[in-house]
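Subject: Structure for you to look at

Hi,

Here is the structure I said I would pass on. Have it open while you read, and my notes on what turned up follow below.

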Amino acid sequence: MQMNRRQFFKVCSAGLGGSSIAMMGFSPNAALAEVRTFKLARATETRNICPYCSVSCGVLIYSTGDKSKNSQSEIIHIEGDPDNPVNRGTLCPKGAGLRDMVQSANRLKWPEVREPGSKEWKRISWNEAIERIAAHMKADRDKNFQAQNKDGVTINRWPTIGALVSSAASNEAGYLTVKTLRALGVTQLDTQARI
Amino acid sequence: MTNHWVDIKNADLVFVMGGNPAEAHPCGFKWAIEAKKTRKAKLVVVDPRFNRTAAVADYYAPIRPGTDIAFFGGIINYLLSNDKIQHEYVKHYTNAAFLIDDGFKFQDGLFSGYDEAKRSYAKDTWKYQIGSDGYAKVDETLQDPRCVFQLMKQHYSRYAPETVQKICGTPKDAFLKVCEYIASTSAPNRTMSYLYALGLTEHSVGSQNIRCMAMIQLLLGNMGMAGGGINALRGHANVQGITDMCAYSQNLPGYLSAPNEGDKDRATYLEKRTPKALRPGQMNFPQNFPKWFTSLCKAWYGNAATKENDFAFDWLPKLGGATDTLAMFHAMFEGKLNGFICQGFNPLASVPNKKKVGDALAKLKYLVVIDPLATDTSEFWKPHGEFNEVDPTKIDTEVFRLPANLFAEHAGTFTNSGRVVQWRWKSADGPGESKEDAEILAALFLKLKAMYAKDGGALPEPILNLTWAYTQPAKPSPEELLREINGKALTDLIDPKDPTKVLFKAGEQLPSFGFLRDDGSTACGNWIYCGTWSQAGNNTAKRDNSDPSGLGQTLNWGYAWPVNRRILYNRASADLAGKPWDPQRTVMKWLGDKWGGNDIPDMAPTAKPEDYVMPFIMTPEGVGRLFSREIMADGPMPEHYEPFESPLDVNPMHPNNPKAKSNPAARVYKSDMEAFGTAKDFPYVATTYRLTEHFHYWTKQSQINAIMQPEQFVEIGEELAKEKGIKAGDKIKVRSNRGFIKGVAVVTKRIKSLEIDGKKVHTVGIPIHYGFKGATKPGFLTNTLTPFVGDANVHTPEYKAFLINIEKV
């Protein structure tokens, strides 16, 4: 019989509930109160990878909701993916705490700015954040861009900006970051590979 | 990794030096345990601390931090003087037989060509003798005094076991025991898997540390073999992938050396990067560089990249001067940067000398932090008691903090340390208004593009013409991006052997970089990832974990670069005739008409063994390098130099040459040189390390991890504790010449004092994970202490060996 992990949980919990209720003399059909099923049986299972070390362990993420439009998912459990040939379902003390990372009290929820000399953060909209940052960048680029060096070689470089690129981002986001930074003329960029 | 995680189970010996996988990479380390259980493999650990990897090892030897090259040099000397090398392998698959230029010398700790004022070498003598046929000269008898084998033998004859003991503090008998274990894998059918991490890289000689082990593995014939290889246990889950995308200055995606000020046009640029074979008949695979580079230009600039405009070569910014993290923060410190973007990175915590980094950030006009979490860096301007003493009213940096998503909240690929690219699926939206990194970058870029389109400005062309054919321009999908990275045909590709045959129609995804062209008819964002998304679909999402060979290759799980190859240089797993050195662990063999086995051949599929095409196809000589020519900044053969902060007054290898005390080619800024401490004021060696419950400066934000390891501690040996009157649980202050931190004393038997050159040296271990933001107890950033100096080649900071003093608070 072919069944996926989620179906397996469903069958197990139904079996357990059914048999114990029957033992107490109830007919399963007449039971109004169902024995509590595994929470994960109703959860949506998604395959992902632990973001910490480069063993890159496969993980199964369980979330509420069925991913339909307008349904808000919440991650309720994360465990090792037994199919993954490297970690085979195991997680270390770092990976075992992943749910608390996703739900960290220090997650950022909206754009903020700390004005020059200020002692505090101020919430701003995405629109304002992007507009203000882009204005800074364009003004600086237009002012300091170097088209040629003193020998007349075309260098097209923006020397007054630097960037650090995340190694916790996906390859796709990393590639896009590199592509856009180079297009702007950024040569001072680096990543955690060095640090 | 040249091999991969599961392959560690195929080893006869697992050697760990410069890593602690039992704690830092536990789920990968279980493959070392598997090797012990099923193959009766031995595990040998060399480390300053008797860590938990050592605790399950068959043999452990201590070492003073920062002296690995002396230890490795001793191993090389042992292997050569006891004839414990894989002879056929060394003769044919390495450059042992190659003759070196007569001008090359090593004297008094310096190689030929040293320029003290520039702290660098002119490397014109670090090269092969070239014959009249244009190829490198060789002596297959290995007897010529100028051949690599003889030069290497002479160079390392100076590293006798007594010398190793004197420098490293490793007792001679313990050192020799380690040598015996390692030498046992010189048998053609025995292999050693070598595992290392930051314990090897975070030194001013980090790159040369790794070179040593590469040389040892070549001498033993362990490269290309199942259960062999040089296996870097890397940091983040996608640090390999981001390295492959080359999010650093020197390279463009796929390790294509980025243009610099010396490259006036495309022709000059390509000429310098397209090598000619150094031996007859070799594959010299980098000869394809123009195809990879042109395809990248087409991926980025599409129809705007034409033959006439050099495929938009001028639009690529040209490098000038150093641009690594240390160089950037130094430039920032000097007020030369106005803006900084910090994506998923916490440099205030992770860059050396926190005071300097904080002062540097305060000189910026604007800082943009893109992160899922409130990092220490984002609040460098905010007072956090004694952990961050600053006056915000005096800091004029405008700081933006943009909420990004975490791994669970976006799809796309991560590449593990074994080069396996694996697709991940999104589970839930991030909190509040947080967005995916790609979406944030797109918003910023599209805004700038609109401004340049409307108002013009400095060189708008590369911005306006950058390809952006994403279905939702503001939200490029990971699927679209991976297809772009993989590459496709832009016109119908005609078979060069049969003009009537169309190999690929315009628009089709390509299955391998073998089809890329340099005439603008193909586009590819990263040539080594070509094959990840072919016409067959997303190969990184494959989830068939079957393992018919039993070697753990799982060729249908994800997609390994390059071309799904799991073990690099696997042609070297077979002898000259193509017969596996160990038929029990066949990776590759000659089948009579082609190469085959349990992996994708790292060789032209039909190159006959008698054609003598050697296995190291990415080198123009076709062989592995025991002598690295002019490629390294600090010498073609590794030499021991002391850390920049050393407990010794001189380098015991060169006691009379102060220029050769520490790496003579490492870059040191004047103000940082002045901030080095001496053993007089700071008598103890410090080494930073990681705990199994924490990951860098990240998990301190997760409650459960904070509960498991809540507070900064400092690990000291019993002897030192007694000398200083410190008891376990006491609060102690640790000072370097750059600042201080405080932590709880943990007194252990794990770090012993060592006798170095007649002097007793104590080592102190300092975990790194704490800071003033997070769920852990607020604490100091460990990098308050560390020196602002790095490796001579790649500038990885020297976090593993520096000087401190300690006192009871």
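Start with the open sheet in chain B: five strands, paired in parallel, in the order β3-β2-β1-β8-β9. Do keep in mind that this is a predicted model. At the edges you'll find β3 (59-61) and β9 (230-232) of chain B, and each has a single partner strand, so one side of each has no neighbour in the sheet. Going from one strand to the next, the twist averages 20°.

What holds strands like these together? In general, the strands of a sheet pair through backbone hydrogen bonds, and the pairing can be parallel or antiparallel.

Now for the individual pairs, which you can follow across the sheet:

- Strand β2 of chain B (residues 42-46) is joined to β3(B) by three bridges, and the two run parallel. To find one of the contacts, look for V46(B), whose bridge partner in β3(B) is A61(B).
- Strand β1 of chain B (residues 13-17) pairs with β8(B) over four bridges, in the parallel sense. Here V16(B) has L195(B) of β8(B) as its bridge partner.
- β8(B) also pairs with β9(B), over three bridges and again in the parallel sense. L195(B) turns up here too, with N231(B) of β9(B) as its bridge partner.

Have a closer look at β8 of chain B (residues 192-196). Are its residues buried or exposed? Five of its five residues are buried, so the strand counts as mostly covered, since a residue is buried if 20 or more other C-beta atoms lie within 10 Å of its own. Both faces are covered: M192(B), Y194(B) and Y196(B) are buried on one side, and S193(B) and L195(B) on the other.

In chain B, the axes of α4 (residues 68-81) and α8 (residues 172-183) come within 10 Å and cross at roughly 60°. That angle makes α4(B) oblique to α8(B). The crossing of α4(B) past α8(B) is right-handed.

Which residues make the contact? From α4(B) they are G74(B), I75(B), Y78(B) and L79(B), and from α8(B) they are F175(B), C179(B), I182(B) and A183(B). Sorted by class, the contact of α4(B) with α8(B) has seven nonpolar residues, one polar and no charged ones.

Cheers

Technical notes: Residues are numbered from 1 along each chain as its sequence is written. Chains are lettered from A and ligands numbered from 1 in the order in which they are written. This is a predicted model: local features need pLDDT of at least 70, side-chain atom pairs count only at pLDDT 80 or more; totals for chains, interfaces and linings use all residues. Two strands pair if DSSP finds at least two bridges between them. Axes are lines fitted to C-alpha atoms, for helices over the stretch in contact, and angles run from 0 to 180 degrees between N-to-C directions. Angles under 35 degrees count as roughly parallel, over 145 as roughly antiparallel, 65 to 115 as roughly perpendicular and the rest as oblique. A crossing is left-handed if the near helix is turned anticlockwise from the far one by less than a right angle, and right-handed if clockwise. Two residues are in contact if their C-beta atoms, placed from the backbone, lie within 7 Å. Ala, Val, Leu, Ile, Met, Phe, Trp, Tyr, Cys and Pro count as nonpolar, Asp, Glu, Lys and Arg as charged, and the others, Gly among them, as polar. A residue is buried if 20 or more other C-beta atoms lie within 10 Å of its own, exposed if 12 or fewer, and partly exposed in between; C-beta atoms are placed from the backbone.
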